[in-house]
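Welcome, and please open your viewer.

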Amino acid sequence: MNDNRRALVLGGGGVAGIAWLTGVLAGLAAEGADVTGADLLVGTSAGSVVGAQIGSGLSLDELFERQADPASQNRELVPSGDVTVAEFAETWTRLAQENDDPAAVRRALGARALATPTVDEAERRSVIEGRLPVHEWPAGKLLVTAVNALTGDRRVFDRDSGVPLVDAVAASCAVPMVWPPVTIGGIRYVDGGVHSLTNLGLAAGCERVLVIAPMEDPGLAADIVAVEGKGGRVDVIEPDESALTAFGIDPLSPSTRTPSAQAGLAQGKASAAAIGALWD
């Protein structure tokens with residue numbers, strides 16, 4: 001075992017996923033199962049935002065209001081390019097069907113991301129700044145994932161990486177062809193979900209692991225086997241029917257925030273007894 005006894009793994013899922021994840025965490029805490037004190041947080045895309053937010057010093061109630069209350073919501077951009085999130089997903093699926101090598105798929109997505117016009121990188125970064133209540137890395141151990149757009153290799157950022165938190169989170173949220181790749185040290189990065197929608201494997205060695213995954217992760221089952229093979233116990237919370245309805249057809253739409261947060265709150269409350277038994 002490593003020194004991280006409990007791990008919280010927060011997966012990708014767009015603007016709707018940020019709201020739902022926040023709601024789930026708030027609902028768990030409301031019923032006595034606060035999991036935000038985990039020894040290790042792994043954040044991918046939407047999960048990187050929420051991981052940074054819960055280390056900001058704001059309470060879960062405050063973070064929930066920032067998602068559920070339209071008057072408290074941060075500014076979000078609507079993608080201005082020609083590629084929708086559905087078209088990105090279709091491209092990803094097709095590339096995965098055509099290639100047996102996951103790294104080749106990641107490189108192909110990265111190449112498309114570099115070649116596709118989107119909003120300005122600085123404008124997109126300003127949105128990420130607005131999502132984060134503070135811009136310093138939290139005191140706890142937070143891992144933020146992204147993918148090198150050229151090589152397809154995963155990069156894991158933390159407070160010791162020398163990379164500003166806003167840049168790391170922006171890179172983790174850079175959906176290929178929808179948002180611009182993020183430049184860090186002269187290297188362009190895309191969404192950490194391109195490697196894995198949860199990156200659960202980074203929690204290997206932990207005794208107890210809670211995965212909260214807004215979107216289905218094709219590699220999750222294999223990662224669970226790997227983590228459990230090292231002595232860990234893994235529980236997973238995935239969206240229920242009400243949450244999926246709240247997400248709608250476009251999880252990047254700002255209009256999904258209020259219903260997704262409320263659906264997450266209800267689901268967190270309903271899951272609290274089972275999760276509390278895992279966590280304590």
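This is a predicted model: local features need pLDDT of at least 70, side-chain atom pairs count only at pLDDT 80 or more; totals for chains, interfaces and linings use all residues.

Next, colour the charged side chains. There are 21 positive and 36 negative ones, and the centres of the two sets lie 5 Å apart.

## The overall fold

Switch to a cartoon view. You will find 10 helices and eight strands. The radius of gyration is 17 Å, close to the 19 Å that the globule rule gives for 280 residues, so the protein is as compact as a globular protein of that length.

How many of the contacts between residues at least 6 apart in sequence join residues at least 24 apart? The share is 76%.

Of the 280 residues, 55% count as buried. Select Leu8, Leu28, Phe157, Leu210 and Ile212: within the largest nonpolar core, which has 55 residues, these touch the most other members. Now highlight helix α1, residues 14–30, which gives this core its largest share, nine residues.

Zoom in on leucine 8. Leaving out residues up to four places away in sequence, its contacts include Leu25, Val35, Ile54, Leu210, Ile212 and Trp279. There is also a second, separate core of 20 residues; among its members are Ala108, Ala149, Met177 and Val178.

## Two positive phi angles

Stay with methionine 177, in the loop between α7 (165–172) and β5 (182–184). Its phi is positive, about 75°, although the residue is not a glycine. Is methionine 177 buried or exposed? It counts as buried, because its relative accessibility is 6%, under the 20% cut-off.

Then jump to serine 45, in the loop between β2 (40–44) and α2 (46–54). Here, too, phi is positive in a residue other than glycine, near 55°. Serine 45 is buried, with a relative accessible area of 7%.

## Last stop: proline 133

Select proline 133 in the loop between α6 (121–131) and β3 (141–148). At 29% relative accessibility, proline 133 counts as partly exposed.

Which residues does proline 133 contact, leaving aside neighbours within four places in sequence? They are Gln53, Ser56, Leu58, Leu63 and Arg66. Finally, draw a distance between the C-alpha atoms of proline 133 and isoleucine 54: these residues are 79 apart along the chain, and the separation is 9.4 Å.

Methods:
Residues are numbered from 1 along each chain as its sequence is written. Side-chain values use heavy atoms; hydrogens and water are left out. Helices (H or I, at least four residues) and strands (E, at least two) are DSSP runs, numbered from the N terminus. Buried means under 20% relative accessible area, exposed over 50%, partly exposed in between (1.4 Å probe, protein chains only). Contact means heavy atoms within 4.5 Å. The radius of gyration is taken over C-alpha atoms; the globule rule is 2.2 Å times the number of residues to the power 0.38. Lys and Arg count as positive and Asp and Glu as negative; His and the chain ends are not counted. The place of a charge is taken as NZ of Lys, CZ of Arg, CG of Asp or CD of Glu. A nonpolar core is a set of buried Ala, Val, Leu, Ile, Met, Phe, Trp, Tyr and Cys residues joined through side-chain atoms within 4.5 Å.
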